[in-house]
Amino acid sequence: MNWTWFHRLGSPPHVYGFAERWAPWFGGAAALAIVVALYGGLILAPADYQQKDAFRMVYVHAPSAWLSLMAYSTMAVAAAVGLIWRMKVAHSAAAACAPIGAWFTVAALGTGMLWGKPMWGTYWVWDPRLTSELLLLFLYIGYMGLRAAIEDPQKADKASAVFAIVGVVNVPIIKFSVNWWNSLHQEATVMRMGKPTMNGDMLWPLMLMFLGFTLYFATVVLIRLRAELLRRERSASWVREAVA
Amino acid sequence: MSEFFAMDGYGVYLWPSFALGIGVIVLNVILALRSLAAAKLEARRRLQVQS
Amino acid sequence: MLSVSGLHLWRGDRHVLRGVSFSAGPGQCVLLTGKNGAGKTTLLRAIAGLLDPEEGQVSWRNVPARRSRDAFHAELAYLGHEPPLKGDLSARENLKFSIGIRRAVTREEIDCALRRTGAEPFADLSVRTLSAGQRRRVALAGVLLSGAVLWLLDEPTTNLDADGQQLVATLIDEQVGGGGIVVAAVHHALPLASGRFVDLVLGEA
Amino acid sequence: MRSGASTVARLVVERDLRLAFRKPSQLLQPLLFFMIVATLFPLTLTPELSRLRDAAPGVLWIGALLSSVLALEFLFRDDAQDGTLEQFALSGQSLTWMLFAKTCTHWLLSGLPLALSAPVAALALGVPATALGSMVASLALGSFALSLLGAISAGLTLGARRGGVLLSLLTLPLSVPVLVFGADATQRAIAGAAIAPPMYMLGAIAVLGVTLAPLAAAAAVRIGLE
């Protein structure tokens, strides 16, 4: 079983070339998907009988929350690969994922609060999903704080990789304990921001938006990956024509 | 057209929510491109130092 | 026994180890010399496995050291700049611990080693109250006690007086004479008796 | 003949206990910190015991968490500075096992004493005497899980110049499950209800901590020593 694709995956010049070639395509596809999904969600989809037009905020809140979690798990997988097979490319990919994940956690929180205001009358309610999202933001801040605190890039890569793995193991446990905590204090009948029941016309724009956000995530990761690869490459010859 | 923007009263929350979403999307592309440009500059500087 | 091949390592932007390669067999002593910052300490730490080289390989008994790390470390004694001693413990307590985690060691063995390196008079004082030279002697007793085949010594004679430096030279001679291997980073020539040492100059521009 | 695992563990525990009792001030500091935190709440919330009782679980557990994070600062840093931690990594023995022994000793010296002295603060916060037993049990188990978790962050911040805020920034989000189940157990103890469900959860987290945390801590320490 030849591992050529795996070796090629591990060689910075090859990955740099791949990222440079494919980022625009991913970007174009993402933009198209998002625009069509926006049109579908804002105009074509019928209003929800209960939340009326407010439900349309799901088209930006749900994909942001999805991306914030996907970015963290991608980061943890890249970190694990980097630690186990000592691959600089994997560490670079992990470093590339963090800022995007953090920003979309902020977006998920912001859109969640804007959705909460009409539903509950206040911007912030200790709803289990919003609380878990907030804790995920602290995990991102911890990750980036640790990376910033260590000067040597190789050491920072490895230390933050350990934290990313420890973090991803804890995300489901934190989610479980927050739900447990929420079920304890359920006396106040808070109208949970229930998932609006979605029929066909409402659903396909959401699925398309998920796809668009995923493609967008790939685009930005590929751009940042090129930057991280250049930062880690010492004196390799390929850098010369990459930056020529 | 105007009732489209009104979003039967929820527009005041819906449009900022989408603005935030789109804003973060655009912002991250800009940040990524700037990070790439900075890395290229630094790599060029390092190459000059080495040669 | 010990072979280092094509070691490359960067510290920040500085290319400190540029493809260092050498090998050492039983009864051999390698003396690392070179200006400050030439990479003597970096090389020793890379051999010991404390530092991961970006390229190149360290192998012990022709097995990559990283794969058989614990077995390699069981046969290795590493003495860095700072003698690894706890200030609140006495020399005896320190050695009872640091050697005890490696192998069963008796009180007599510890006393004998301390006597050998001239550290017995202050063996029961808290290490915090000792001078740097005295601490170095306690650490040397630890290296003796470890029974390691490979010694990695980083400037072993710092803070030592004249007969202290002679002591280090004699200990190295005995270790090498007994079939052991010593890799030592030194600033000035060591009065080594045997001619079996190899000079490795690092960091020439 | 290489030392066996039990000898290694015994020596590590013995060394750390001897070191701790040679410098007892470092033992008392986390306890005093806990007591001060507990006294701040009546001053800021209300002196009225019945209302303090509602806040008691939060005060006790957040106090326990913060004082355990404080105590973590010295877990590896002293040994790293004087070069002994390096010898742990070079001893040919399993670093994971040695750090696990070291973390358990750290708990014996910080978490356990805190759990045992917590009744003083709890009574002052209006916690009924009947609840003290199960509260101490939950604090003891919870602080053990916190020590294991904190050992990872302590190892990770070795690479940085100063642990301090970064150490708590890494530890606090990960300690949320222990806080949730611990506070729930204490709340049930106060209400006289059975504390089994949250205690099982704390037990599960502690077991997960025992199996995984030392591995991560050993990896973190090896990276930090580079």
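Predicted model: local features only at pLDDT ≥ 70, side-chain atom pairs only at ≥ 80, totals over all residues.
**Entry 1: chain B**

I began with the secondary structure of chain B. I found two helices and zero strands. The radius of gyration of chain B is 21 Å, well over the 10 Å that the globule rule gives for 51 residues, so chain B is more spread out than a compact globule. I then looked up the box around its C-alpha atoms. Along the principal axes, the C-alpha atoms of chain B fill roughly 65 × 15 × 10 Å. Burial came next. Of the 51 residues of chain B, 24% count as buried.

**Entry 2: which chains touch**

**Entry 3: chain A with chain B**

I took the A–B pair in more detail. The contact takes 31 residues from chain A and 27 residues from chain B. On the side of chain A that touches chain B, the elements giving two or more residues are α3 (58-84), α4 (88-120), α7 (200-232) and α8 (238-243) of chain A. Which of them gives the largest share? I noted α4(A), with twelve residues. By class, this side of chain A divides into 19 nonpolar, four polar and eight charged residues.

**Entry 4: chain D with chain A**

Next I turned to the contact between chains D and A. Here 20 residues of chain D are in contact with 23 residues of chain A. On the chain D side, α7 (132-156), α8 (164-174), α9 (176-190) and α10 (196-224) each supply at least two residues. The side of chain D that touches chain A has 17 nonpolar, one polar and two charged residues.

**Entry 5: helix α8 of chain D**

I stayed with α8(D). Is this helix mostly covered or mostly open? It is mostly covered, with eight of its eleven residues buried. I listed the buried ones: Leu166(D), Leu167(D), Ser168(D), Leu169(D), Leu170(D), Thr171(D), Pro173(D) and Leu174(D).

**Entry 6: α6 against α7 in chain D**

I looked up one helix pair in chain D. Helix α6 (residues 111-124) of chain D packs with α7(D) at an angle of about 145°. Their axes are 8 Å apart. The crossing of α6(D) and α7(D) is right-handed. I wrote down the residues that meet. From α6(D) they are Gly111(D), Leu112(D), Leu114(D), Ala115(D), Leu116(D), Ala118(D), Pro119(D) and Ala122(D). From α7(D) they are Leu132(D), Met135(D), Val136(D), Leu139(D), Ala140(D), Ser143(D), Phe144(D), Leu146(D) and Ser147(D). By class, the contact of α6(D) with α7(D) has 14 nonpolar, three polar and no charged residues.

**Entry 7: chain C overall**

Chain C has six helices and nine strands. With 205 residues, a compact globule would have a radius of gyration near 17 Å, and the 17 Å of chain C agrees. The C-alpha atoms of chain C fill roughly 45 × 35 × 35 Å along the principal axes. Buried residues make up 46% of the 205 residues in chain C. Then I checked sequence separation. Among contacts in chain C with a separation of 6 or more, 69% are between residues 24 or more positions apart.

Confidence was my next check. Chain C averages a pLDDT of 90, and 97% of the residues score at least 70. Where is the mean pLDDT lowest among the elements of chain C? Strand β9 (residues 197-201) of chain C has the lowest, at 76. Strand β6 (residues 76-79) of chain C has the highest, at 96.

I finished with backbone angles. Most residues other than glycine have a negative phi.

- Asn62(C) is exposed, with 9 other C-beta atoms within 10 Å.
- Asn159(C) is partly exposed, with 14 other C-beta atoms within 10 Å.

How values were computed: Residues numbered from 1 in each chain as written. Chains lettered and ligands numbered in written order. Helix = DSSP H or I, 4+ residues; strand = E, 2+ residues; numbered from the N terminus. Rg over C-alpha atoms; globule rule 2.2 N^0.38 Å. Buried ≥ 20, exposed ≤ 12 C-beta atoms within 10 Å, placed from the backbone. Contact = placed C-beta atoms within 7 Å. Nonpolar A, V, L, I, M, F, W, Y, C, P; charged D, E, K, R; others polar. pLDDT = per-residue confidence, 0-100. Axes fitted to C-alpha atoms, helices over the stretch in contact; angles between N-to-C directions. Left-handed = near helix turned anticlockwise from the far one by under 90°.
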